[in-house]
Amino acid sequence: MTELPPPILDEATRTRAELALYGLMAYRELTAFERLSSDARFSPTLADREALARLSVHEFGHYERVVAAIAAHGQDPETAMEPFMASIDALHERTRPGDWFESLMKAHVIDSVSGDFYVAIARALAPEARALVQEVQALDEQNKWLHDRLRAALDDDPRLASRLALWGRRLLGEALTQARRINERGLSWDQLFASSGGEGDERLARLFGTLVENHSRRMAALGLTA
């Protein structure tokens, strides 16, 4: 899908959007750390437990990086995160995994879709904001481990495939719903696309189309139907 050039935002709009995106990212990184730390306790092997613990530490480092950026803008990090806390907490309540493999799929899907979403939004922001988002959402190492561990589990027990495919579809739907709802939680589509004229709806449609396409490719790489 061909991307449109990023919208041109005035400085005040861009700054508001940056701080809102930082708040969203910071709270998501904090909850990702908590989730992975908790999941590590139920790992079937010590090697799995160590790998998840390492990934959780990585997520907390990202959280600290974003919080520092919020503070550098002169805003209280808790104030920046607050508008998104209820939405992210509700997402995790609605997507409680049934077992350890579902928890891995949840990390793989939610983190990947969120990362794609943040990177797409950041295209309209200042270069330093884009660089921070790219740094925080560089999920290559995490996604590789999650992909390889899920692929090994599916090879060992093909019966997991139908359940994990269904779970992946549900997770995608929840992630997209949350992305749409940010308009109500402090990061407004009007902020991001206000200067785009009639292109705003097209940009939004293309963004969500890209999120779905990327998810489908990741599921296909696992041998699952998206």
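These are my notebook entries on a predicted model of a protein chain.

**Ground rules**

I number residues from 1 along each chain as its sequence is written, and side-chain values use heavy atoms, with hydrogens and water left out. Since the model is predicted, I need pLDDT of at least 70 for local features and 80 or more for side-chain atom pairs, while totals for chains, interfaces and linings use all residues.

**Overall layout**

I looked up the secondary structure and got 9 helices and 0 strands. Helices here are DSSP runs of H or I with at least four residues, strands are runs of E with at least two, and both are numbered from the N terminus. Read from the N terminus, the order is α-α-α-α-α-α-α-α-α.

Next I checked burial: 50% of the 226 residues count as buried. My cut-offs are under 20% relative accessible area for buried, over 50% for exposed, and partly exposed in between (1.4 Å probe, protein chains only).

The accessible surface comes to about 10700 Å², and carbon and sulfur atoms own 53% of that. Those areas are Shrake-Rupley with a 1.4 Å probe, and for residues only the protein chains shown count as cover.

For contacts I take heavy atoms within 4.5 Å. Among contacts with a separation of 6 or more, 82% join residues 24 or more positions apart.

**Core**

**Helix α4**

I count 19 of the 23 residues as buried, so α4 is largely enclosed by the rest of the structure. At the start of the helix, a side-chain oxygen of D99 comes within 3.2 Å of the backbone nitrogen of F101.

**Helix α2**

I ran the same check on α2 (residues 46-72): 27 residues should span 39 Å, and the end C-alpha atoms are 39 Å apart, which agrees. Its buried residues include D48, E59 and H62, along with L52, L55, V66 and I70. After α2 comes G74, with a positive phi near 80°.

**Aromatic pairs**

Rings of Phe, Tyr and Trp (its six-membered ring) pair if their centres lie within 6.5 Å; planes under 30 degrees apart are stacked, over 60 edge-to-face, and the rest tilted. I get 4 aromatic pairs this way. One of them is F33 with F60, tilted, at 4.9 Å centre to centre and 55° between the planes. That pair links distant parts of the chain, as F33 sits in α1 (residues 11-40) and F60 in α2, 27 residues apart. F33 is partly exposed at 25% relative accessible area, and F60 is partly exposed at 29%.

I also looked at W100 and F101: their ring centres are 5.5 Å apart and their planes at 75°, so the pair is edge-to-face. W100 counts as buried at 8% relative accessibility, whereas F101 is partly exposed at 22%. F33, F60 and Y63 form one aromatic cluster.

**Three residues I clicked on**

V136 is in helix α5 and is buried at 0% relative accessibility. Which residues does V136 touch, not counting those up to four places away in sequence? I find M25, E29, H62, R65 and V66.

R28 is in helix α1. Is R28 buried or exposed? R28 is buried, with a relative accessible area of 4%. Leaving aside neighbours within four places in sequence, R28 is in contact with E59, I88, D111, S114, Y118 and Q137.

R218 is in helix α9 and counts as buried at 18% relative accessibility. Beyond residues up to four places away, R218 touches H108, S112, V113 and D116.

Conventions:
Polar contact = N/O pair within 3.5 Å; in protein donor to acceptor, adjacent residues only side chain to side chain. Expected span 1.5 Å × (residues − 1).
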